[in-house]
Amino acid sequence: MTDDPMFARRGDLVTGAITVAAILLFVGTGSAVLSRTLQHYVAGSDIPDRTLVIALLLNVALILIGWRRHSALSTEVLVHAAAEQRAQQLAARDPLTGFLNRRSFPEDGAVTLTQVSKRGKALALLMLDLDHFKMVNDMHGHTIGDALLRQVAEAIEDRLPQGALIARFGGDEFACAMPFEPTHPETVERVAEQLVSRLAQPFCVDGLHLHVSASLGIARSDFDCSGIDSLTRSADIAMYAAKKGGRNRFAWFDQSMERELKARNELEMGLRAAIPAQQIVPYFEQQVDLTTGRLHGFEVLARWEHPTRGLISPELFIPIAEETGMIADLSLSVMRQAFAAAKDWHASLTLSINISPWQLRDPWLAQKIIKTLTETGFLARRLEIEITESALFENLALAQSIVGSLKNQGVQLALDDFGTGYSSLAHLRALPFDRIKIDRSFVISINENAESAAIVNAITRLGDSLNLPVTAEGIEDAAIEERLRALGCSKGQGWLYGRPLSVAHVRRHLAERRLLQSQSGDEEGEPTSRRLAG
């Protein structure tokens, strides 16, 4: 049986023609045979000619064959039409949820937009993306993830008004279009609030309680949206802004979001070229012994020395590097430059480098760091790796493996931003930390906020009890330094000791204090106890 409808139609015509011819022959031969048969029985005439009888029987056979063929072809056409309709439906619908898909939504959305505009109403487009859905797939598998998506789809459908268009664009991204009165946008906000609220509640899938939330962007057709494509793009930009604003929320689109996104994309493109060109360079923030004023080392910070824009703050490009996965190459590039710059500093000066949570997902991170140390000739014992508590929360077992490999080479380990994470004491027991760093948010307010003072005091006492030295970040004036010294903090860093220094400036700084190995003449000696204010 062929699937070609044209072939089927041609075959149907041929079969029909043969059947018609057979019927005409049947009428001609049949009348003659029947007439002679009646005459034979009534008047005793001769038996009908055998040739005519055979011709009659052949005509009957042809008619039966033609009818069966016509019936088969008709059934084939119906089956093909049903299959074609089914294929069109599958092409237009998401098989998991039954919603429209990314290909069919623009066409249906354009029709809806035209109809809504003719009635004097506006169309609201809601773009919805689940937060942390990838973690569900990674932890429980795609079968559980798909079951969760079906429940999410039901929750979305239940909270949208009748007649709304709903599509799944793929993965955990959904689009919803609903008409509303232009003077009453609060009706759209109520739907958005209900969606965000429901999706923040746990879903039960195969006995598992799964937690996700949703970031939702909204655009309206009566505000600078010429068609369904521009409306979708605006809602997508608003959704990205909601995600950037903290997730688990909704945001209306406005033009400033588009300008911000454009600026972000320009930074991303520039960053891709800047990393291999070594425009992302190390800067060094001094770390000082609070009791003696002696310089202990530096924390390495990344700065972007842009050829036309000047120095770009890490707050602008580090999040982009983490989102795009460029943080690994960026961090190793900065490490390599810092190690090369510091290998001939006085042997007692250390470097502290913060590891991004994204990097701790890489099981080969320790080997990459060790390789960089070897290639630059920087001693592992002079390196201190800083890990934040939030980074440990995602995959503690992998972090333990990475840290174990680094510790075996003599690298030191510090717990950064202590007090701001999820379970500080548990992490202190789980990993062999050599130092605790108090988050600057507590330090800068220690003399104005009793709670901050109490937290700093508790952390320093904990450090004493665990025999872990404590470093305070964010020391901006002498009063804070004096308070921390009284509490027993061993080391501090902040603008009181100078702004972060470039490679050239830090080298000049150390040369003035005879803290380069070529000047000291003793690689294992102690640096001068002079206070090194910037």
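User: Which residues of α7 are buried?

Analyst: In this predicted model, the buried residues of α7 (residues 228–244) are I228, L231, T232, S234, A235, I237, A238, M239, A242 and K243, where buried means under 20% relative accessible area, exposed over 50% and partly exposed in between, with a 1.4 Å probe and protein chains only. An α-helix has 3.6 residues a turn, so residues three or four places apart point the same way. Helices (H or I, at least four residues) and strands (E, at least two) are DSSP runs numbered from the N terminus. Residues are numbered from 1 along each chain as its sequence is written, local features need pLDDT of at least 70, side-chain atom pairs count only at pLDDT 80 or more, and totals for chains, interfaces and linings use all residues. Side-chain values use heavy atoms, with hydrogens and water left out.

User: How is the packing of α7 against α8 described?

Analyst: Two packed helices are described by the angle between their axes and the distance between the axes. Here the axes of α7 and α8 (residues 255–274) come within 10 Å and cross at roughly 75°, the axes being lines fitted to C-alpha atoms over the stretch in contact, with angles from 0 to 180 degrees between N-to-C directions. The two helices are therefore roughly perpendicular, a label for 65 to 115 degrees, whereas under 35 is roughly parallel, over 145 roughly antiparallel and the rest oblique. On the α7 side the contact (heavy atoms within 4.5 Å) is made by R233, I237, A238, Y240, A241 and K244, and on the α8 side by M257, E258, E260, L261 and R264.

User: What follows α7?

Analyst: G246 follows α7, and its phi is positive, near 130°.

User: Is R303 buried or exposed, and what does R303 touch?

Analyst: R303 has a relative accessible area of 16% and is buried; its place is in strand β9 (residues 295–306). Not counting residues up to four places away in sequence, R303 touches Q279, I280, V281, Y283, L311, I312, P314, F317 and P500. Between R303 and V334 there are 31 residues in sequence but 9.2 Å in space, C-alpha to C-alpha. I280, for its part, is in contact with residues including L271, W304, L330 and V334, leaving aside neighbours within four places in sequence.

User: How confident is the prediction?

Analyst: With pLDDT, the predictor's confidence in each residue from 0 to 100, the protein chain has a mean of 86, and 82% of its residues reach 70 or more. Over residues 523–534, however, pLDDT stays under 50.
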